[in-house]
Structures are given as C-alpha cells and as structure tokens.
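Student: Hi! Could we go through how the helices pack in this one?
Tutor: Happy to, let's have it on screen.

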Amino acid sequence: MSKYLKIVYCVAICLAVGYLSSNVTQSSITTWYPLIKKPIFNPPNSVFAPVWTILFILMGIAAGMVWNKLESNKELVKKGLLFFTIQLLLNALWSYLFFGLNNILLALIEIILLWLVIYETYYIFKQIDKRAGYLLIPYLAWVGFATILTGSIYWLNR
C-alpha cells in the first residue's frame with residue numbers, strides 16, 4: 001500500500017469513528033443536554049462538529065505517517081498504533097458515556113484516562129516521527145479543555 005493510501009485509510013477510519021460517535025450524541029443534543037447546567041465557557045454546539053472533524057483528520061494523518069515508518073521501527077510503530085487504537089476507542093466511548101448514558105461522572109473518569117492515553121500516543125508518535133507527534137498536540141489540547149468542561153458540568157449538576 002502506498003504511503004498516501006495509508007494516510008487516507010487512517011483519516012477515513014478516524015472520521016468514521018467520529019461519525020459513529022456523533023450518532024450517539026444526536027438525540028441528547030435536543031433532549032437531555034439543553035437541560036443540564038453548563039459553565040459560561042461552554043462553547044456553542046455549532047463549534048464541536050468542525051473542531052472534531054479537523055482533529056480527526058489530523059489524527060488520521062499522524063497515524064498514517066507513523067504507519068509509514070513500520071519498516072524502519074517495527075516495535076515502536078506497533079506500540080504507537082496500539083495506543084492510537086486504544087485512544088480512538090476511548091474517544092468513542094466518552095460520547096456513549098456522556099450523551100448515550102447521560103453519566104457525567106463516568107464520562108469524567110473516562111476522559112481523564114483518554115487524555116493520558118492520548119499523551120502516551122503523542123509521546124510514542126513523536127519518537128517515530130516528530131511531525132506526527134506534533135499533529136496530535138491540538139487534539140491533546142482540545143481533550144484537555146473537554147476534560148475541564150466535563151468536570152465543570154459534573155460539578156454544576158451533582
């Protein structure tokens with residue numbers, strides 16, 4: 001498989017996970033979510049889809065770039081892609097916990113774990129390809145913000 005096709009493949013997977021996760025959020029956006037208390041720094045709903053789309057594209061590019069280094073650093077690339085897969089699954093799980101189950105506390109615990117796994121993914125990716133690691137920094141920052149937001153929502157609604 002060509003190096004560009006690997007990147008396209010990874011971007012498509014990330015966008016598919018994002019799409020599936022967004023399906024979980026749809027019903028809660030109009031029913032449960034408007035009724036809970038949110039902090040003043042909560043972004044408008046219209047911000048989330050474009051931000052996540054950009055982040056999923058950057059994540060996919062980073063994963064594809066790392067996959068392209070498989071021949072030169074097999075063990076580290078496998079480890080990096082394993083952590084990448086775990087964080088992608090945890091990303092989807094957060095939507096299910098928060099919007100699907102409406103369980104803010106469990107979503108808060110899970111997003112802290114998600115941030116830690118993203119950080120480990122970033123750390124491994126950076127060792128393989130610095131540019132791939134750097135592509136995860138906006139994602140790491142956004143999930144850090146989302147962690148604070150989730151914690152604030154939990155605090156306001158406990």
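Predicted model: local features only at pLDDT ≥ 70, side-chain atom pairs only at ≥ 80, totals over all residues.

Student: What angle do α2 and α6 cross at?
Tutor: Roughly 140°, with the axes of α2 and α6 coming within 9 Å.

Student: Which residues in α2 and α6 meet?
Tutor: V47, F48, V51, W52, L55, L58 and M59 in α2 meet P138, Y139, W142, V143 and L149 in α6, contact being heavy atoms within 4.5 Å. By class, that contact has 12 nonpolar, no polar and no charged residues.

Student: And how do α3 and α6 cross?
Tutor: At roughly 25°, and the axes of α3 (residues 74–100) and α6 (residues 137–157) come within 14 Å. That makes α3 roughly parallel to α6.

Student: Which residues of α3 meet α6?
Tutor: Q87, N91, W94 and F98, which meet Y139, T150 and I153 in α6. This contact has 4 nonpolar, 3 polar and no charged residues.

Student: New topic: which residues touch the most other members of the largest nonpolar core?
Tutor: M59, F98, F125 and Y139, out of 44 residues. Such a core is a set of buried (under 20% relative accessible area, 1.4 Å probe) nonpolar residues joined through side-chain atoms within 4.5 Å. α4 gives the most to this core, with 11 residues.

Methods:
Residues numbered from 1 in each chain as written. Heavy atoms only, no water. Axes fitted to C-alpha atoms, helices over the stretch in contact; angles between N-to-C directions. Helix = DSSP H or I, 4+ residues; strand = E, 2+ residues; numbered from the N terminus. Parallel < 35°, antiparallel > 145°, perpendicular 65-115°, else oblique. Nonpolar A, V, L, I, M, F, W, Y, C, P; charged D, E, K, R; others polar. Buried < 20%, exposed > 50% of the residue type's maximum accessible area, 1.4 Å probe, protein only.
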